[in-house]
Amino acid sequence: MRVGVVGCGQIVEQGHLPVLLGTPGLHLTGLVDLVPHRALRLAGLAQTGGQSVPVFRSVAELVDRARPDLVLLATPPSVRSAELRTLGEAGVAVLCEKPLANSVEEADALLSDAARTGAKVFMTHNYAFFPEYLLLIRLVREGHIGSLRSILISCLGSYPWDGVAEFRPGWRYDRTLSGGGRLVDTGWHALYLAELLAGRAPTEVMATAEFDPAPPFDRECFAHYRHGDVHVSLAVGTGHGPVAFEVRGEQGRLRLDFDPAAGDYSAVPRAVRLYRDGRPVHSWDVPGERGMITQGLYEEIGNRLAHGTEPYPHSLRHGRDLVATVETTYRAAQERRWLSLDARAEEAGRAAV
């Protein structure tokens, strides 16, 4: 599969690039960045790894000259709309970093464009491909804790990456560029993991948040979601921790065993442990090392492009729905009351798929 990359920041350098260079069947065919020096830097790293990768000046030039099957779009969401439209018009599939857009209105426009062009857009919900979360989801579905009742996710030692020196360090603190603060940067992953575990989207949300005044940025957010009968509690923010990820059922609970020094749930846990009546009864080991991006993500996208018939759960529509969940969570924090999320899919239905 021929893969082009647009956006050469930290998540690409530290996450995507090692996978693209080290996975058989993946061929990195070109790089583009808003800051050309960044693309040249990654081309140099690829050259060190034994591959010669050209750098292009624009998305259109990348498509025209490199002929990719898939383009990884890893630019800030504030500049992403035009890039997605260009790729859609060219009929090139897209793997899009989160968040999809900075507002529901922007996301709805992207849905309409995709319906018009027939674009294939996959969200990079990378935590869903981490071995520990794949294992946790499987154990829940196999009934190890009986009917799922609640999910607890806490990551109060989470700090955003500053960003590369060549492009606006600290851009993740600016909502006009990033779409939000800690809830978007780290909490976003909790939102889709909770949906996978609960087996359905949230129906209601209540939240509180603390915002730094300049620029407006939520450095802490405490949110409570109802996914039908399943209650989800999420605490995300900067600080000293702790990190916790637990699911509770009628017959027990499953807990990811993190090192006490871990700041958030991107850390690799030591094991997944099963408790009943407060006592540990079983433990499953997880791989000790993995990157922020796994080969499984690209294997899944490759399979979908080659033979995909079933809907991809992390779709463009799903990315849009998560933007709506974030916006409603912020509004719930401002209004200090429970707000309905039932209209999320209803609103998306008004836009083209």
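## Pockets and cavities

A pocket is an open set of grid points with protein on both sides within 12 Å along at least five of seven lines, and its lining residues have an atom within 4 Å of a point. The structure discussed here is a predicted model.

The second largest pocket has 18 lining residues, and A119, K120, V121, S315 and L316 are those nearest its centre. Its space comes to about 390 Å³. Three elements, α5, β5 (121-123) and α10 (316-335), each give at least two residues to this lining. Of these, α5 provides the largest share, 3 residues. By class, the lining of the second largest pocket holds 10 nonpolar, 4 polar and 4 charged residues.

## The largest cavity

Searching the whole structure gives 2 cavities of 30 Å³ or more. The largest cavity contains about 80 Å³ of space. Its lining is made up of L84, R85, G88, E89, L110, D113, A114, T117, A119, V121 and L316. Helices α4 (80-90) and α5 (104-117) each contribute at least two residues to that lining. The classes here are 6 nonpolar, 2 polar and 3 charged.

## Nonpolar core

The largest nonpolar core has 107 residues, and L100, I151, F245, L254, Y265 and Y298 touch the most other members. Helix α8 (residues 182-198) supplies the largest share of this core, 11 residues. In soluble globular proteins, nonpolar side chains tend to be buried together.

F245 is one of the residues touching the most other members. Beyond four places in sequence, F245 touches Y133, L136, I151, L152, I153, L193, L197, L254, R255, L256, F258 and Y265.

## Strand β14 and L339

L339 belongs to strand β14 (residues 339-340). Is L339 buried or exposed? L339 has a relative accessible area of 4%, so it counts as buried, the cut-off being under 20%. Apart from neighbours within four places in sequence, L339 contacts T203, E204, V205, T328, R331 and A332. L339 and L21 are separated by 318 residues in sequence, and their C-alpha atoms lie 45 Å apart.

## Confidence

The protein chain has an average pLDDT of 90, and 90% of the residues score at least 70. Where pLDDT is low, the predicted coordinates should not be read in detail.

Conventions:
Residues numbered from 1 in each chain as written. Heavy atoms only, no water. pLDDT = per-residue confidence, 0-100. Core = buried A, V, L, I, M, F, W, Y, C linked by side-chain atoms within 4.5 Å. Buried < 20%, exposed > 50% of the residue type's maximum accessible area, 1.4 Å probe, protein only. Helix = DSSP H or I, 4+ residues; strand = E, 2+ residues; numbered from the N terminus. Contact = heavy atoms within 4.5 Å. 1 Å grid on protein atoms, 1.4 Å probe; cavity = no way out; pocket = protein on both sides within 12 Å on 5 of 7 lines; lining within 4 Å. Points joined across faces, edges and corners; volume = space filled by probe spheres on them. Nonpolar A, V, L, I, M, F, W, Y, C, P; charged D, E, K, R; others polar.
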